[in-house]
Structures are given as structure tokens and as C-alpha cells.
Amino acid sequence: MRTRADGTTEIGVGLISVGWMGQLHSRAYANLKYAYPDLGLAPHLVHAADPAPARTDEAVRVLGYERASADYHDVLNDPDVDVVSICAPNFLHSEIGIAAARAGKHFWIEKPVGRGEHETRAVADAAKEAGVVTSIGFNYRHAPAIEYLRELVAEGRLGRITNVRGQMFADYSADPRGALSWRFVRGLAGNGVLGDLMGHLVDLVQYTLGPIGEVSAVTSTVYAERPELPMGTGTHFALIENGDMKPVENEDYAGMLVRVADGAPAAHAVGTLEASRVSVGPRASYGIEVYGTGGSAHWDFERMNELHLSGGLGAENQGYTRVMARPGMGDFNRFQPGAGTSMGYDDLKVIEAKKFLQAVLGREAINSNIQDALSAAQVISAAERSAETRTWQSSTPVEGTTAAGA
């Protein structure tokens with residue numbers, strides 16, 4: 001890092017994996033100067049790595065990185081790189097995260113950080129030992145409506161929180177012709193929809209209500225076989241006709257009963273959480289409903305800029321009011337001037353980049369961090385044990401998270 005003549009702080013950025021998410025991280029860094037000109041930050045895209053030559057070319061020619069390599073170690077060993085975005089497939093996350101920590105690089109990593117609690121803890125331990133700043137791709141928590149919901153709960157404006165209902169329903173694997181990519185192989189992905197989607201939902205609950213203390217879960221695999229997709233070809237959205245069928249090794253659906261831990265803003269609240277990658281109908285219905293003795297609120301990512309809010313009993317027009325995201329809710333005013341002009345998914349990543357780099361510079365640390373990832377991984381691990389044993393399982397709250405009440 002260096003200070004430019006105009007007083008801005010230049011931060012050298014490295015990228016590992018130049019796929020869709022890597023492109024999105026790169027655009028988020030580039031757009032910081034437009035959304036947050038007052039921060040005095042100047043991310044400098046220095047070095048990208050990807051084993052595919054077409055992607056390394058794209059990193060330089062399209063995204064604007066100064067150089068690119070096939071080996072991610074070249075990025076970690078580059079003295080001009082201060083922070084690294086880790087956007088590789090899930091099965092490489094822990095390996096690269098540990099290597100980044102040992103190289104002394106602050107890193108922003110997509111979730112899940114590891115294939116289960118054990119790998120996530122290893123990354124957390126490495127980051128703690130190295131003293132590096134971490135940030136996790138829990139992007140949905142940055143939606144202005146979610147930030148507002150968190151405030152409503154913290155201020156007691158919904159009364160005592162009694163129960164929560166959440167869903168992460170996607171259809172990206174609803175077609176049985178969907179390719180057997182690495183996401184369906186336990187050795188590569190670890191668990192299935194638990195890590196892919198339920199981890200996001202667990203984070204939403206913990207960010208708004210507080211740590212989850214107990215879970216009871218059930219899982220199922222809707223499609224036991226899928227046509228094989230050779231590694232490095234296509235994506236997990238690919239459809240294959242008359243392909244060689246191979247077994248799906250992890251779950252397509254997961255459901256959980258949960259209880260919020262003692263000491264949280266919504267202590268003792270109970271609820272149901274569901275996640276599916278094979279739902280027919282919902283495209284990206286990622287939502288949360290929070291119910292209290294004084295009111296309730298509903299949010300769904302498919303209508304990201306809306307929060308349905310009930311003032312509770314005795315209200316003149318009892319029921320729900322559609323509240324549009326507006327200035328004063330989270331970082332909305334950094335992107336749009338007024339309610340009704342909508343933010344998008346990419347904007348959430350700009351907010352994420354801002355929070356990450358603020359923490360790197362030693363300013364306010366409100367970014368999701370490796371402890372948040374470990375906390376979510378613990379809950380998912382407890383859910384796996386519960387589904388296997390058909391018993392309630394506990395999850396101990398993790399210190400150092402940004403969960404509500406932490």
C-alpha cells in the first residue's frame with residue numbers, strides 16, 4: 001500500500017480465479033471510486049491467476065489487471081499485491097485461504113470457506129496466526145432492507161422476536177439433465193445445498209437475530225444420478241442429453257428447525273430454514289421472515305429493494321406495508337438517489353469490497369469475517385450430524401463474529 005500525491009491510499013489487488021465471481025470482485029473494486037469517493041481508497045488491479053489461458057487474457061485485456069499467471073502462488077508471492085480475492089471453486093478455498101494467510105495477504109474469500117467445519121477452522125486458525133484481515137462473500141446481508149431489518153430487531157421495534165422462517169430456493173439444478181459438475185461430488189464440494197445455499201441463510205439469521213444455538217435437520221437427494229461433465233468444461237448450469245450417468249454424492253434439499261442462542265437479541269426464538277437447489281418455480285428466492293410480539297417483516301432477494309413490514313396489533317391498517325429501500329437504509333444512498341430506483345446484486349459486492357478494505361486499513365471492522373464463516377460452518381456441521389442421527393445438535397457461538405448482539 002502507498003499514499004498517492006492526492007492523498008488517496010493505493011491498495012494492490014490480486015485475484016485468484018477469473019470466472020464470473022472473479023469478474024464481479026474486479027468490478028466491485030473498480031466501482032468503489034464512484035460509490036465511495038470520500039473513502040480515499042484507490043484499489044489497483046495488479047495480478048490475476050487462472051489456469052485457463054483465455055481467462056488470464058481476459059484478466060488483462062478486459063478487467064484491467066497489469067499481469068496474469070496460471071499459478072495462484074504467483075499472485076501470493078507478488079510484492080505489489082496487498083489484498084487477494086479468492087474466487088476459485090469450493091474445493092480449493094481452504095488450500096488457497098491458508099496459503100494467502102501464510103503469505104501475509106489480507107483476503108476476501110467466497111463461501112463456503114472450506115468443505116465443512118474442519119477446513120473452515122483451519123483457514124480461521126491460519127488467518128489468526130498471520131494477523132491478516134479477512135472478508136467473506138455473504139453478500140445478501142448487505143442489502144439495505146436487511147440492514148434495516150437488523151436495526152428493527154436490535155431496537156426492539158418488532159417486540160420480542162418469537163420465530164423466524166427462511167428459505168434459499170434456487171432452480172439451477174432442477175432439470176435432471178443438469179450436468180454432474182464438481183458441486184455434486186462430495187470430495188470436491190463437501191456437502192451440497194447445505195454449504196452452497198443454507199450457509200447464506202444461516203448467516204442472514206445470525207446477522208439479524210443472533211447466533212443459532214441448536215438445530216434439528218433433515219436432508220434429501222432428489223436426483224440420485226446426473227450426466228457426467230468432464231472437469232474444466234461447461235458450467236453447473238449445463239444440460240447434457242444422453243450422457244453417462246454418475247451418482248450425486250450430496251444433498252439437493254435441506255430443512256432445519258433452529259433455536260437462537262441465549263444472550264442474542266432474539267434469544268430463544270425458534271424457526272424453520274429450508275434450502276433447495278432443485279426447486280421448480282423459484283429462480284433465486286432467498287428470503288427471511290421475522291416475527292415478533294410487536295410486528296413482523298418479510299424480505300426476499302427476488303424483490304431485493306422491498307421489505308414487507310407489519311406494525312402489529314392495533315395498527316390502523318393492520319397487515320403489511322410494502323416499504324421500499326431508500327436513503328437511510330444501509331448504503332442505499334451510495335447507489336441511488338431515492339426509493340423506487342433499485343439497487344442490484346453487483347452493488348452488494350461493491351459494499352462488500354468497501355467494508356473489506358476499510359477493515360484492511362484499520363478503520364471500522366463491520367465486514368463479515370472468517371469467524372462469521374466458522375460460525376456458519378459450525379451450524380451446518382451440526383445440521384449434518386442431526387440429519388444423520390435424527391437428534392437435536394448444538395452449535396457453540398463463535399467469538400469475534402459480526403452476528404447481531406456480538
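Predicted model: local features only at pLDDT ≥ 70, side-chain atom pairs only at ≥ 80, totals over all residues.

1. Glu228 touches Leu180, Ile240, Asp244 and Lys246, when residues up to four places away in sequence are not counted, a contact being defined as heavy atoms within 4.5 Å. Glu228 lies in the loop between strand E10 (225-227) and strand E11 (245-247), where helices (H or I, at least four residues) and strands (E, at least two) are DSSP runs numbered from the N terminus. With a relative accessible area of 40%, Glu228 is partly exposed; buried means under 20% relative accessible area, exposed means over 50%, and partly exposed is in between, for a 1.4 Å probe and protein chains only. From C-alpha to C-alpha, Glu228 and Asn242 are 9.9 Å apart in space, and they are 14 residues apart in sequence.

2. Residues are numbered from 1 along each chain as its sequence is written, and side-chain values use heavy atoms, with hydrogens and water left out.

3. Strand E9 (residues 212-220) pairs with strand E12 (residues 253-260) in the antiparallel sense over 8 bridges, pairing being assigned if DSSP finds at least two bridges between two strands. Within this pairing, Ser216 stands opposite Leu257 in E12. E9 also pairs in the antiparallel sense with strand E18 (residues 393-394), over 2 bridges, and here the bridge partner of Val215 is Gln393 in E18.

4. The largest nonpolar core has 117 residues, and those with the most contacts inside it are Phe107, Met198, Met256 and Trp299; such a core is a set of buried Ala, Val, Leu, Ile, Met, Phe, Trp, Tyr and Cys residues joined through side-chain atoms within 4.5 Å. Leaving out residues up to four places away in sequence, Trp299 touches a list of residues including Tyr140, Ile146, Leu204, Tyr286, Met304 and Glu306.

5. How many salt bridges does a search of the whole structure find? The search finds 30, a salt bridge being a side-chain nitrogen of Lys or Arg within 4 Å of a carboxyl oxygen of Asp or Glu. One of them joins Arg27 and Asp346, whose closest N and O atoms are 3.1 Å apart. Because Arg27 lies in helix H1 (residues 20-35) and Asp346 in helix H9, this pair ties together parts that are 319 residues apart in sequence. Arg27 is partly exposed at 33% relative accessibility, and Asp346 is partly exposed with a relative accessible area of 35%.

6. Arg322 and Glu306 meet through their side chains in a salt bridge of 3.0 Å, N to O. This pair links distant parts of the chain, with Arg322 in strand E17 (residues 321-324) and Glu306 in strand E16 (residues 306-310), 16 residues apart. Arg322 is partly exposed, with a relative accessible area of 48%, whereas Glu306 is buried, with a relative accessible area of 8%.

7. Lys354 lies in helix H9 (residues 345-360), and its relative accessible area of 7% makes Lys354 a buried residue. Apart from its neighbours within four places in sequence, Lys354 is in contact with Leu32, Tyr36, Leu39 and Asp331.
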